[in-house]
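I opened my notebook to get to know a new structure, one entry at a time. Have a look at it with me before reading on.

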Amino acid sequence: MSKRTRFVAMATAVLLGAGGLALAPAASAAAPYHGIDGGGAVTDDWQDEENLGVDDYAQSNATALWETVLWADGAQYQDDDGDSHPFEKSKIDGSFGPETESATQWWQEHFGLSDNDGVVTEQSWTFAQQRLTGPAAGSAVTFHGTAHNATLKRISNKYRVRIKGTGSWKIAYYDQLG
């Protein structure tokens, strides 16, 4: 008997002893979607989203979507010396660091929200979603900011965002960057 034949015979015996491949349980279902979603009216998309902050999904495409809101609204952040700077489009990198936290706090205070600690909560999401329109041709959703309009995409009920340096649309996952 050749080595190959013996190997096949042993593998078959092991599989049959374990119940066989045909009797193995079915593969588990795909992991659930964990990103910013929406269906129906866009003004009802964001109120049930997760918190974002330095301790919550700090490195994610969802953070990049929030940074797009900050840029569109002309948010300001303070540096370590207390000097204010505009939250430029180049800051949309999906990293919720000190500048994004400061800009979020500015945004929350600017719009008179009671949750103004720099953490994006249901109150911030709900307020921001009121200024969404679309989807238009090509699944474009527009956030009408006070300084700029920002284009997002909503395809198959999943939001997409552009992140600095990637050039392509990325699904706004909470647990993925890029």
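**Ground rules.** I count a contact when heavy atoms lie within 4.5 Å. Helices (H or I, at least four residues) and strands (E, at least two) are DSSP runs, numbered from the N terminus. This is a predicted model, where local features need pLDDT of at least 70 and side-chain atom pairs count only at pLDDT 80 or more, while totals for chains, interfaces and linings use all residues. Residues are numbered from 1 along each chain as its sequence is written, and side-chain values use heavy atoms, with hydrogens and water left out.

**Overview.** I looked up the secondary structure and found four helices and seven strands. Along the sequence they run α-α-β-β-α-α-β-β-β-β-β. Of the 178 residues in the protein, 36% are buried; buried means under 20% relative accessible area, exposed over 50%, and partly exposed in between (1.4 Å probe, protein chains only). Taking the contacts with a separation of 6 or more, I found that 57% join residues 24 or more positions apart.

**Helix α2.** I checked the length of α2 (residues 61-72) first. Its twelve residues should span 16 Å at 1.5 Å a residue, and the end C-alpha atoms are 17 Å apart, which agrees. The expected span is 1.5 Å times one less than the number of residues. Is α2 mostly covered or mostly open? It is mostly covered, with twelve of its twelve residues buried. These buried residues pack against two helices, α3 (98-110) and α4 (122-129), and against the strands β4 (140-144), β5 (149-155), β6 (158-162) and β7 (169-171). After α2 comes Gly74, with a positive phi near 65 degrees.

**The core.** Next I looked up the largest nonpolar core, which has 34 residues. Such a core is a set of buried Ala, Val, Leu, Ile, Met, Phe, Trp, Tyr and Cys residues joined through side-chain atoms within 4.5 Å. Which element gives the most to this core? I found that α2 does, with eight residues. Leu65 and Trp66 are among the residues with the most contacts inside the core. Leaving out residues up to four places away in sequence, Leu65 touches Ile36, Trp46, Trp125, Leu152, Tyr159, Val161 and Ala172.

**Helix α3.** I then turned to α3, whose 13 residues reach 18 Å from first C-alpha to last, close to the 18 Å expected. Its buried residues include Thr100, Ala103 and Trp107, and what covers the buried residues includes α2, β1 (76-78) and α4. Just after α3, Gly112 takes a positive phi of about 70 degrees.

**Ser90.** I found Ser90 in the loop between β2 (84-86) and α3. Ser90 counts as partly exposed because its relative accessibility is 44%.

**The pocket.** My last entry is the largest pocket. Its lining has 13 residues, and Thr68, Lys89, Ile92, Thr151 and Arg162 lie nearest its centre. I noted that β5 gives the most to this lining, with four residues. For a pocket, a 1 Å grid is laid over the protein atoms alone; a pocket is an open set of points where a 1.4 Å probe fits, with protein on both sides within 12 Å along at least five of seven lines, and lining residues have an atom within 4 Å of a point.
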